[in-house]
Amino acid sequence: MPWTLCTSGSAITKGGKSVNTTITNYGTQKTAMDKLSDEAEGYIVQQTHLDWRADYSSLPTDVQNALSNVCSSLVAMQFI
């Protein structure tokens with residue numbers, strides 16, 4: 001499920017003025033953004049060998065913030 005570990009807004013903000021607006025202007029592109037989110041979350045799960053999404057809401061706030069930072073940064077790189 002996309003956008004469990006971060007929000008699209010945080011990824012867009014991190015991308016700054018260089019963000020490709022073709023991707024981020026929603027409309028029919030929402031599925032493209034969702035795919036990038038899924039890829040970033042999958043990468044985090046694969047690298048850490050833990051499915052952080054499974055019980056995300058019960059994680060401590062500092063862990064949620066760290067995961068959000070990594071996830072939104074990965075997505076932002078794809079927005080540029």
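## Overall layout

Going along the sequence, you get the pattern α-α-α-α. That comes to 4 helices and 0 strands in the chain's secondary structure. Its radius of gyration is 12 Å, close to the 12 Å that the globule rule gives for 80 residues, so the chain is as compact as a globular protein of that length. Keep in mind that this is a predicted model.

Along the principal axes, the C-alpha trace spans about 35 × 20 × 20 Å.

## Burial, contacts and surface

Of the 80 residues in the chain, 31% are buried. If you take the contacts between residues at least 6 apart in sequence, 72% of them join residues at least 24 apart.

As for the surface, the chain exposes about 4900 Å², with carbon and sulfur atoms supplying 57% of that area.

## A look at helix H4

Helix H4 covers residues 61-79, which makes 19 residues. From its first C-alpha to its last it reaches 26 Å, close to the 27 Å expected at 1.5 Å a residue.

Which residues of H4 are buried? They are Gln64, Leu67, Cys71, Ser72, Val75, Ala76 and Phe79. Look down the axis of H4 and these buried residues fall within an arc of 160°, so they line one face of the helix. An α-helix has 3.6 residues a turn, so residues three or four places apart point the same way. Asp62 and Met77, on the other side of H4, are exposed.

What covers the buried residues of H4? The cover includes helix H1 (8-15), helix H2 (21-24) and helix H3 (30-48).

Definitions and conventions: Residues are numbered from 1 along each chain as its sequence is written. This is a predicted model: local features need pLDDT of at least 70, side-chain atom pairs count only at pLDDT 80 or more; totals for chains, interfaces and linings use all residues. Side-chain values use heavy atoms; hydrogens and water are left out. Helices (H or I, at least four residues) and strands (E, at least two) are DSSP runs, numbered from the N terminus. The expected span of a helix is 1.5 Å times one less than its number of residues. Buried means under 20% relative accessible area, exposed over 50%, partly exposed in between (1.4 Å probe, protein chains only). The arc is that of the directions from the helix axis to the C-beta atoms. Contact means heavy atoms within 4.5 Å. The radius of gyration is taken over C-alpha atoms; the globule rule is 2.2 Å times the number of residues to the power 0.38. Accessible areas come from the Shrake-Rupley method with a 1.4 Å probe; for residues, only the protein chains shown count as cover.
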